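Dear colleague,

I am passing on the structure we spoke about, and below it you will find my notes on a few of its features. Please read them alongside the coordinates.

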Amino acid sequence: MHQPEGSHLLEKSRRSAISKGLSMVSNKLPEARISVLMRSYGVMILLRMTLSLVYTRRSVGAQLRSSCFYVDDILLIGYDVKMLGDTKAWLSTQFSMKDLGEASYILGIKIIRDRSKRMLGMTQTSYVEKVLKRFKMENSKRGFLPTRHGVKLSKKQSPKTDEELRKMFDIPYASAVGNIQYAVQCTRPDVAFALSVTSMYQACAGEAHWTAVKTILKYLRRTKDMFLIYGGGELILEGYSDASFQSDEDDADCQNINDPLASVLAIK
């Protein structure tokens, strides 16, 4: 199988673009170098995303250890303290790095431990406060629920006139949805459903949709100090589901709504 004519020129420009990218962020660790070194240490890649990598290795006795890279930050997770120490010592021989001790704050997430109860809590209080300030909601009323009872969103509420379009043009709807989404993924599954509904209208958001997003922000203001808690003991997964008949205003379909907390493993 032969490559099409001119493909070598495309490959050359691609290599050039990659080289320039590395030179602009020369203080960051190139993914290719990390991958080669981690494989030489017997570690396999578990997850690859933009700017982040997750590696894992299972040692003798089924002890699992994960290494998370985000740009130039590294987070080690595992059961065996000695194994984690050996990993840090090996990484120190490969990279110029600084040991900051136990992780207490990373990527906007505060980590709190209670070893007497074998519990670990994560909260995003500071991150939520920054989001509220970014969208001028830091002094808003404190909401009791992420959604308002009886409020149904649809495409019929999208802007229809030029005046309505101009009014919505300067409203950072998609940005607000994206900021809340990060909190949902990390520590706030309780607003997952409310956010999933509002995220469907990013391309045609109207005032009613923006009001629904602000309702989520008001709720986050009241509950900004909430924790997502993991504990030791038996693993129990509980899920709840509900369905509403023809509740989709646009398609008149039934909606099967899973409780957001069902997607979180509750370790008791």
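Ile-229 counts as partly exposed because its relative accessibility is 47%, where partly exposed lies between buried (under 20% relative accessible area) and exposed (over 50%), with a 1.4 Å probe and protein chains only. Ile-229 sits in strand E8, residues 228-231, strands being DSSP runs of E of at least two residues and helices runs of H or I of at least four, numbered from the N terminus. Together with Ile-112, Met-119 and Phe-227, Ile-229 forms a nonpolar surface patch of about 330 Å² accessible area.

This is a predicted model, in which local features need pLDDT of at least 70 and side-chain atom pairs pLDDT 80 or more, while totals for chains, interfaces and linings use all residues. Residues are numbered from 1 along each chain as its sequence is written, and side-chain values use heavy atoms, leaving out hydrogens and water.

Two residues other than glycine have a positive phi: Arg-118, near 55°, in the loop between strands E6 (109-114) and E7 (119-123), and Lys-136, about 55°, in the loop between helices H4 (125-134) and H5 (162-169). Arg-118 counts as exposed because its relative accessibility is 61%, and Lys-136 is exposed at 71%.

The buried residues of H6, among them Tyr-173, Ala-176, Val-177 and Ile-180, pack against E6, E7, H4, helix H7 (192-198), helix H8 (207-222) and E8, contact meaning heavy atoms within 4.5 Å.

Best regards

Note on methods:
Patches are made of residues with over 30% relative accessible area and no salt bridge: like charges are joined within 9 Å, nonpolar side chains (Val, Leu, Ile, Met, Phe, Trp, Tyr) within 5 Å. Accessible areas come from the Shrake-Rupley method with a 1.4 Å probe; for residues, only the protein chains shown count as cover. A salt bridge is a side-chain nitrogen of Lys or Arg within 4 Å of a carboxyl oxygen of Asp or Glu.
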